[in-house]
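Here is a friendly walk through one protein model. Have a look at the chain, then follow the questions below.

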Amino acid sequence: MSESSKTQYDRDGYTVARGLFTATEVDELREHYMTLRQRGSYADDVVGVDTRSRDPLKRYPRMAQMHRWDETSLRWLLDTRLRRQLTNLLGAEPFAVQTMLYFKPPGSRGQAVHQDNFYLKAEPGTCAAAWMALDRADTENGCLLVVPGSHRWPILCTAKADTATSFTDVTVPLRSHTTVPVVLEPGDVLFFHGSLVHGSAPNVTPDRFRRALIGHYVTGEATRVAEYYHPALRMDGTQLTLDVAEGGGPCGEWTDTGELALTGTQTISRKHE
């Protein structure tokens, strides 16, 4: 971790570690998660797999908390490279609380801008994310969009999101602030602060996935986190006991599109970028 990366994180709320994981590692992880997804549904999925759905995100719903039952996910979450980077950025070793895999196939919706600690409720301190690209992530297939410096904002009140373009139904109002795309190559890892406003636009490509593997962590001074994120893990894999913070929940509630609602399918919200 260079001094410039730490400086950028403190200033902007995010930084990128380029090529932190090798092409071979990325290929193996991409194949691993595609195989798991094709086998069916799991306990912490957003929604069950529906291969007949018109919604690409129901054919390839995101996976969550895979590290609780998948050794490959657990090893990645606690990887020494992530541990070192996060410790340098945060000033102390964090605790690991979540894994997610976003498939984001062609034609799928993005996620309205939000702040992660709205859901994790880590306190004192905050949470942080390690967001690794398994495909090239760019503006066409829906890379992450961030608002530099927004990590200094408080956790904002939410407003209703446009579910025609977002699979979640809440967002935060930006007013005059604009988002900046973060273009990543496979193996790059974006680290960002729990209050950073971020989201993504739809994948408008005809044939490109935007798969990403994400780890969520809470800072070392945290004593509470939302119930969904228990048990927390030290970076050596041992469990620790944190108090349960009130409220919170999975990072974004699933919502069907307005178009589907008009055809007679009611909008739904289910547990868990």
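What follows is a set of questions and answers, from the overall fold down to single residues.

Q: What kind of model is this, and what pLDDT do local features need?
A: This is a predicted model in which side-chain atom pairs count only at pLDDT 80 or more, totals for chains, interfaces and linings use all residues, and local features need pLDDT of at least 70. Residues are numbered from 1 along each chain as its sequence is written, and side-chain values use heavy atoms, with hydrogens and water left out.

Q: How many helices and strands does the protein have?
A: Helices (H or I, at least four residues) and strands (E, at least two) are DSSP runs, numbered from the N terminus. Counted that way, the secondary structure comes to 7 helices and 16 strands.

Q: What is the radius of gyration of the protein?
A: The radius of gyration is taken over C-alpha atoms, and the globule rule is 2.2 Å times the number of residues to the power 0.38. For 273 residues that rule gives 19 Å, and the value for this protein is close to it, so the protein is as compact as a globular protein of that length. The radius of gyration is 17 Å.

Q: What share of the residues of the protein count as buried?
A: Buried means under 20% relative accessible area, exposed over 50%, and partly exposed in between (1.4 Å probe, protein chains only). Of the 273 residues, the share that count as buried is 55%.

Q: What is the order of the strands in the open sheet of 4 strands?
A: Two strands pair if DSSP finds at least two bridges between them. The pairing in this open sheet is antiparallel, and the order is 4-11-6-9.

Q: Which strands stand at the edges of that sheet, each with a single partner strand?
A: With a single partner strand, each edge strand has one side left without a neighbour in the sheet. The two edge strands are strand 4 (111-114) and strand 9 (180-182).

Q: Which residue in strand 9 is the bridge partner of V146?
A: Strand 6 (residues 144-146) and strand 9 run antiparallel and are joined by 3 bridges. In strand 9, the partner of V146 is V180.

Q: Why is strand 10 largely enclosed by the rest of the structure?
A: In strand 10 (residues 189-193), V189, F191 and H193 point one way, while L190 and F192 point the other way. In a regular strand the side chains alternate between the two faces of the sheet. Strand 10 is largely enclosed because its buried residues number 5 of the 5.

Q: Which residue of strand 10 stands opposite Y14?
A: Strand 1 (residues 14-17) runs antiparallel to strand 10, with 4 bridges joining them. Opposite Y14 stands F192.

Q: Which residue in strand 10 is the bridge partner of A128?
A: Strand 5 (residues 127-133) is joined to strand 10 by 5 bridges, and the two run antiparallel. The partner of A128 is H193.

Q: Which residues of helix 5 are buried?
A: An α-helix has 3.6 residues a turn, so residues three or four places apart point the same way. In helix 5 (residues 80-90), the buried residues are L82, Q85, L86 and L89. They cover an arc of only 95 degrees around the axis, which puts them on the same side of helix 5 (the arc is that of the directions from the helix axis to the C-beta atoms). The names to remember are L82, Q85, L86 and L89.

Q: Which residue caps the N-terminal end of helix 5?
A: After helix 5 comes G91, whose phi is positive, near 90 degrees. At the N-terminal end, a side-chain oxygen of the capping residue lies 2.8 Å from the backbone nitrogen of R81. That cap is D79.

Q: Which side chain does a polar contact join to that of H216?
A: H216 is found in strand 12 (residues 212-218) and counts as buried at 1% relative accessibility. A polar contact is a pair of N or O atoms within 3.5 Å; within protein, one must be able to donate a hydrogen and the other to accept it, and residues adjacent in sequence count only if both atoms are side-chain atoms. At 2.6 Å, the partner of H216 is Q98.
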